[in-house]
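The entries follow the order in which I looked them up.

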Amino acid sequence: MFIDQLTSLNGEFLLPWSSITSRIFTQHNVTSITPIWFKTLQNIVLFNPSSGSLQLKSQFIFRSNNFKGMLLQLPPMNTRSKSFVVTWNYNSNTLMIGRIIDRNNNNLHIEHWVPNQTLSLIHQPVIQRCSGCLCNTESLSCSTWSPLNDTIFIVTSKKNQKVSEGLYRLPSPLFEYQQQIIHHMNFSRQIMPYYFKQQKFWHFEDNLIKRYIEKGSLQNQLLHYQNIFESSTNLEFYTDGSLIDPAMNTMSMGFALIQSSSAAPYIEFAARIERWPSSYRAELAAILVALIISPMNSTITIFTDSKSSIDHFFYLQQQQLPLSPRNLFKEDSNNYLWTIIMDIIEINSIIVKFFKIQSHSGNHYNDLIRS
Ligand SMILES: [Zn+2]
């Protein structure tokens with residue numbers, strides 16, 4: 001294998017393992033688990049491997065003039081299925097991901113779908129219907145007609161793609177679709193390459209705190225702690241989540257954590273979140289916060305009295321990463337938090353160890369959470 005077999009069509013990004021295994025030159029030897037050599041390679045060739053970005057260092061970027069073994073398919077015309085497709089929208093002059101809602105001769109009526117900013121992972125974007133933008137040319141917002149030859153069929157395994165009502169997960173990163181359609185248009189229409197310029201009209205924050213925590217005092221506090229632990233490699237957190245006023249409409253959730261390893265600065269931190277309906281999730285929020293303020297490549301020990309959290313973590317860890325929606329979304333509403341937790345662990349290459357402690361064993365962090 002050569003590096004250019006593992007990169008996006010324009011050569012600027014390393015592909016996630018799941019996308020590589022869908023290319024034709026690997027089909028005789030497909031493995032779904034990311035091999036160790038690939039993880040090592042990521043550390044060598046990526047511009048900033050710990051950020052979760054798949055952008056390559058400039059010395060590893062090679063431009064290609066072929067499709068790198070990728071099979072691009074036109075959408076099937078003879079079915080009524082509402083397939084997802086990628087097309088080029090001339091109104092907005094951008095890529096447009098959408099769903100076929102009607103067919104007429106060699107034209108497709110495509111409903112526009114856009115990335116959901118909070119549920120999307122870099123490897124697996126989650127999309128939802130666009131409520132209206134420049135792409136729209138029809139009375140039905142937001143949609144347009146596009147020639148069949150200007151569209152590429154998004155191949156998904158039906159089972160895994162639906163996250164919940166109105167939310168679907170795509171199997172490849174958005175930059176991959178963008179480059180597929182740009183290459184497809186260039187090849188099919190012999191349009192000069194500079195006509196389409198690479199655009200960043202979506203943006204996923206590299207710092208996971210900025211990506212997952214709403215702007216405000218909580219985000220500021222977490223950024224502050226992230227800064228404090230920047231050079232630590234081993235941290236120990238005691239976490240606790242407690243439900244406050246569960247019977248009232250104004251129910252709120254408090255959680256606390258303490259960093260107790262002597263190898264790193266000591267901190268105590270407690271926060272309260274409004275409208276937070278289960279004590280189990282409060283514990284998860286504490287774990288999430290502990291991980292999100294931890295530095296990349298660190299080893300984190302978490303002491304918790306929540307056996308259910310520990311059990312579920314080990315269950316998820318046995319699944320392959322990145323987690324498929326099937327693993328994550330079939331069970332309960334805590335899965336959104338678990339998605340983020342597993343995303344933080346994977347993107348930041350964190351090693352996590354859990355220790356079960358007696359509930360409310362009388363040390364002072366219980367007082368902290370109640371205060
Ligand atoms: Zn739109």
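I began with Cys-130, which I found in the loop between strand E4 (126-129) and strand E5 (143-147); helices (H or I, at least four residues) and strands (E, at least two) are DSSP runs, numbered from the N terminus. I noted that residues are numbered from 1 along each chain as its sequence is written. The model is predicted: local features need pLDDT of at least 70, side-chain atom pairs count only at pLDDT 80 or more, and totals for chains, interfaces and linings use all residues.

Cys-130 counts as partly exposed because it has 19 C-beta neighbours inside 10 Å; buried requires 20 or more other C-beta atoms within 10 Å, exposed 12 or fewer, and partly exposed lies in between, with C-beta atoms placed from the backbone. Leaving aside neighbours within four places in sequence, I listed His-112, Trp-113, Val-114, Cys-135 and Cys-142 as its contacts (C-beta atoms, placed from the backbone, within 7 Å).

I then turned to the largest nonpolar core, which has 31 residues; such a core is a set of buried Ala, Val, Leu, Ile, Met, Phe, Trp, Tyr and Cys residues joined through C-beta atoms within 7 Å. Among the members touching the most others, I noted Phe-237, Leu-257 and Ala-286. Helix H7 (279-292) is one of the elements supplying at least two residues, and its ten residues are the largest share.

Last, I checked phi at Asn-297, in the loop between H7 and E12, and recorded a positive value near 60°. Most residues other than glycine have a negative phi.

Notes
Contact = placed C-beta atoms within 7 Å.
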